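Please keep the sequence and the model in view while reading the points below.

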Amino acid sequence: MGLLRIMMPPKLQLLAVVAFAVAMLFLENQIQKLEESRSKLERAIARHEVREIEQRHTMDGPRQDVALDEEEDMVIIYNRVPKTASTSFTNIAYDLCAKNKYHVLHINTTKNNPVMSLQDQVRFVKNITSWKEMKPGFYHGHVSYLDFAKFGVKKKPIYINVIRDPIERLVSYYYFLRFGDDYRPGLRRRKQGDKKTFDECVAEGGSDCAPEKLWLQIPFFCGHSSECWNVGSRWAMDQAKYNLINEYFLVGVTEELEDFIMLLEAALPRFFRGATELYRTGI
């Protein structure tokens, strides 16, 4: 190559140097353009990612707010069946309400009647749905199931309940009428002083232990229709099963109450956070 350069005329050598310099400048210019293009692309990608993050935050934010609003607007109705450990469970709700920041309200009916008049049903529905100061709210009482949708309510309350083996429940209620319980030991019961055992009652065909008493749990799920209280009604049984499956969020059994509480804590922590530990320790 050195021999070639010596043999090349000076003009050609100069031309070659100029051509080489131009080529280098061209390559350098192209490299610079590629660098600028790469920088622009990186900035564009970065801006795109920022917009995506902002959009996710914008989309997620309202959803979280909506979720929080829904929780604060939540109403639970526990239409307690007598002698199914309902008092024990309700006490947990009372113990947790201050910590979890919700309200517990007892549903009182005239003469403790589980069926309300139509006028009282309307008032009941209106009070529960419009009483914003008491939301989120946990309502409990010995009241039959009431379909809020029939009164034009779009967002219905959450129904929960506990049921018990019918014979075990009846035996418990039989002795409750005679001896009461530990929660209100000073209260005089209707059959107080009656020493007759449940077996003796059955042997004598007494009214307090009659087979019809086993039907009591059905109307609490059936509802306010008079047919719900007709013992042995096939329609009432079918309606009770339909409501239990389609209208109740969760129904537990007394014999497995801890499992019921665990499921509620997992599914509705807004109300039942800490319920399982409280049930186990009794604190």
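**Disulfides, a pocket and a buried histidine**

Two disulfides are found when the whole structure is searched, a disulfide being a pair of cysteine sulfur atoms within 2.5 Å. The model is predicted, so local features need pLDDT of at least 70 and side-chain atom pairs count only at pLDDT 80 or more, while totals for chains, interfaces and linings use all residues. Residues are numbered from 1 along each chain as its sequence is written, and side-chain values use heavy atoms, with hydrogens and water left out.

**Disulfides and cysteines**

- A disulfide is a covalent bond between the sulfur atoms of two cysteines.
- Cys201 is joined to Cys209 by a disulfide with an S to S distance of 2.1 Å; this link is left-handed, with -95° about the S-S bond.
- Cys201 counts as buried because its relative accessibility is 4%; buried means under 20% relative accessible area, exposed over 50%, and partly exposed in between (1.4 Å probe, protein chains only).
- Cys209 is also buried, with a relative accessible area of 9%.
- The sulfur atoms of Cys222 and Cys228 lie 2.0 Å apart in a disulfide, and both Cys222 and Cys228 are buried.
- The torsion about the S-S bond of Cys222 and Cys228 is about -65°, so this disulfide is left-handed.
- With bonded cysteines counted along the chain, the disulfides follow the pattern 1-2, 3-4.
- Cys97 is buried, with a relative accessible area of 18%.

**The second largest pocket**

- The second largest pocket holds about 310 Å³ of space. A pocket is defined on a 1 Å grid over the protein atoms alone, as an open set of points where a 1.4 Å probe fits, with protein on both sides within 12 Å along at least five of seven lines; lining residues have an atom within 4 Å of a point. Grid points are joined across faces, edges and corners, and the volume is the space filled by probe spheres set on the points.
- Its lining has 16 residues, and Ile107, Asn108, Thr109, Met116 and Phe124 lie nearest the centre.
- Helix H4 (residues 118-130) gives the most to this lining, with five residues; helices (H or I, at least four residues) and strands (E, at least two) are DSSP runs numbered from the N terminus.

**His140**

- His140 lies in strand E3 (residues 137-141) and counts as buried, at 3% relative accessibility.
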